[in-house]
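Keep the sequence and the coordinates open side by side.

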Amino acid sequence: MEPDIVLAQTGAIPPITPSMGVVFGIVLLALALFITELLPIDVTAILIMVLLMFLSPWTNVSISEGLSGFSNTATVAVLAMLILSTGISKTGLVQIIGRKMAAFAGNNRTKQLIATIGVTGPVSGFINNTPVVAILVPVISDLAHEGNTSPSKLLIPLSFASMFGGMLTLIGTSTNLLASSVSDRLIGQPFSMFTFTGLGIIVLLTGGLYLLTVGHRLIPTRVPAREDYIEEYDLQGYVFEVVVREESAIVGKTVESAIDESQFDADIVQLIRDGEQYFEGIASKLIRPDDILTVRTDRATLEELRKQEGFELIGTRPSDSELEPEDGATQTLVEIVIQSGSSLLGETISSSSFRERYDASVLAFRSGGKTIRSRLNDVELQVGDTLLVQAPSDSIDRLSRNPEFIVAHESRSPDYRTEKIPWALGIITGVVGLVGMPWGMLAAVTGVEMFADLEFNIVQTALAGVVLMVIADVIKPGEIYEGVDWSVIFLLAGVIPLGVALEQTGAANLLGSLVAATAGFLPLIGVLWVFYIATGLITSIISNNASVVLMIPVAIEAARDIGGNPFAFVLAVTFAASTAFITPVGYQTNLFVYGPGGYKFTDFARVGAPLQLLLSVVTVLGIALFWGVSVPA
């Protein structure tokens, strides 16, 4: 008889059942789809939920359990916190802090790093860290350019600092809220508002010190400090000015129909006639002799166009400064970053009718660490792609207000509701304070027994905060829906039932028993470290929320098998899932800085791998110190 069969019969390792096999199959399918992104992440999550319900005889997940993710406290709390974060952003508070940060930092790179980490970390503890990064990307980019520093040197620290800060409180990141819900369901021990704040401060200080001393030396300069997008994207050979000759074949045609885009990879982005520039709404303009056209194409295609269409080359576009006419009625080059949930995801520039929808032309973009200057219409857009867009001022204003994009340069200042800052701060303070208040201690100190009966959950206070923000006019009712990243909500709703299936079929128990076998040659704290490293690696290729759902049940079962403290193992998984540094796809904030920083995929591992290893040791030792790794006596 094989050794593993003996162990299964003696109870050390439970036998594999058909139900476990089905659930493992769904897990493997989910992992494959998360990694390959054949489907959007939120659609994958819904597919998981549907499969779990359809295969209920094997997964043990009823319809009500399959839909339980939508009513889960973590899902509702994340929804409310995203709305509250939107309310804060509408006041301009973070931008005001950013301007003060720029004034403090000046041209000193060390001060710039201190300001970036010192602002982003603490703020991310009380406002969901994903929108914090979205708000600060243009602020930090401006800080870098004004201080003659490459944005590359500051944007990875911005993302990493937001992850450090997200571990200061329960509401810092959606992962914390989800982990708290799973911990409550499995071991009856949720997180309070400040359960791990002490350890979070240690992580923030350790990570910040690393970035200030070692990390910034490892970050390459991918984007030049001097801001000239034409040079930065190396577009000198891709943007040309041509004059239309009198005998040209395109005379009398509209701008839209002048170039056959199915034959030529080229488009007209600007027209100059009699010294006056036309950009907005030029698609229907008829081309005349002596018109000057700005054309995006490559040199080979331009030569073909000159022969067939009768263009005369004037020259290349030497710098984007020429896009600023003296009268100020201007078209401008800006970078925009595509956020998750954008309607452009999976579309191309052509299929999305980008120019018509946003009255803007895409000259180039960064995707997957590559700069794409030709065949733009052939590439599907993904989260984090950064588009170099030429557009008139009012179009840029509209783009900056569109929640689907981050305009990665504060060329415009939206009308913030600065007069509502006291209201917004008061509401956030109330949301946090009511949950974090030690009511029992207050009752003992004041002698007011009523306080002893008070207990507030983050869902209660966050939803109340949303209502108060609307009443106080901090956020408009219509903006509530714009501020929610629905892909995150559907992701949570879809993966939560997967955790239920892992538990109810015994699959988590089986995996936990297998991992627990490492206790034969590792001490308890070593097994805890293994879970931290494993979770960090898994999170680097799939969603952090999905990794928490998969790993926490396994970690709890392993802890029970080896006499470990289940809560300590929950914390190790939670911290590891919320601090995924080694790939740009491991955490959404990394995607937000990927394009604007001009990074390559390997840059994150170069900077993040030593940091991940350092924090694995610091975090595991901190957990052992504060909570202990063995079951409390």
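Ser 159 is buried, at 0% relative accessibility; buried means under 20% relative accessible area, exposed over 50%, and partly exposed in between, with a 1.4 Å probe and protein chains only. Ser 159 sits in helix 11, residues 152-166. Helices here are DSSP runs of H or I of at least four residues, strands are E runs of at least two, and both are numbered from the N terminus. Leaving aside neighbours within four places in sequence, Ser 159 contacts Val 133, Thr 589, Asn 590 and Val 593. A contact means heavy atoms within 4.5 Å.

This is a predicted model, where local features need pLDDT of at least 70, side-chain atom pairs count only at pLDDT 80 or more, and totals for chains, interfaces and linings use all residues. Residues are numbered from 1 along each chain as its sequence is written, and side-chain values use heavy atoms, with hydrogens and water left out. pLDDT is the predictor's confidence in each residue, from 0 to 100. The chain averages 80, and 87% of the residues score at least 70. Residues 1-11 stay under 50, and the model gives them 7 contacts beyond four places in sequence. Residues 318-329 are also below 50; this stretch has 21 contacts beyond near neighbours in sequence.

Now the overall build. The chain comes to 29 helices and 10 strands. Of its 633 residues, 56% are buried. Among contacts between residues at least 6 apart in sequence, 79% join residues at least 24 apart. The chain exposes about 25,000 Å², and carbon and sulfur atoms supply 60% of that area. Accessible areas come from the Shrake-Rupley method with a 1.4 Å probe; for residues, only the protein chains shown count as cover.

Go inside next. The largest nonpolar core has 139 residues, and Leu 84, Phe 160, Phe 164, Ile 458, Met 469 and Ile 552 touch the most other members. Helix 26 (residues 544-562) gives this core its largest share, 12 residues. Another core lies apart from it, with 20 residues, among them Leu 344, Phe 354, Val 389 and Ile 396. A nonpolar core is a set of buried Ala, Val, Leu, Ile, Met, Phe, Trp, Tyr and Cys residues joined through side-chain atoms within 4.5 Å. Take Leu 84: not counting residues up to four places away in sequence, Leu 84 touches Ile 427, Ile 428, Val 431, Ala 462, Gly 465, Val 466 and Met 469.

Helix 24 (residues 507-516) also has a buried set: Ala 507, Ala 508, Leu 510, Gly 512, Ser 513 and Ala 516. These buried residues pack against helix 2 (18-36), helix 23 (486-504) and helix 26.

Leu 524 is found in helix 25, residues 524-539. At 22% relative accessibility, Leu 524 is partly exposed. Its C-alpha lies 6.7 Å from that of Gly 564, 40 residues away along the chain. Beyond four places in sequence, the contacts of Leu 524 are Ile 562, Gly 563, Gly 564, Phe 569, Val 629 and Ser 630.

Turn to the charges. The whole structure holds 5 salt bridges. Each is a side-chain nitrogen of Lys or Arg within 4 Å of a carboxyl oxygen of Asp or Glu. What does Lys 90 pair with? Lys 90 bridges to Glu 479, with the closest N and O atoms 4.0 Å apart. Lys 90 is in helix 7 (residues 73-91) and Glu 479 in helix 22, so the bridge ties together parts 389 residues apart in sequence. Lys 90 is partly exposed at 24%, whereas Glu 479 is buried at 13%.

Arg 417 also bridges to Glu 479, at 2.7 Å between the closest N and O atoms. Arg 417 lies in the loop between strand 10 (405-407) and helix 19 (421-436), so this pair ties together parts 62 residues apart in sequence. Arg 417 is buried, at 16%. Shared partners join Lys 90, Arg 417 and Glu 479 into one network.

Asp 603 forms a salt bridge with Arg 222, at 2.9 Å. Asp 603 is buried, at 1% relative accessibility, and Arg 222 is partly exposed, at 30%.
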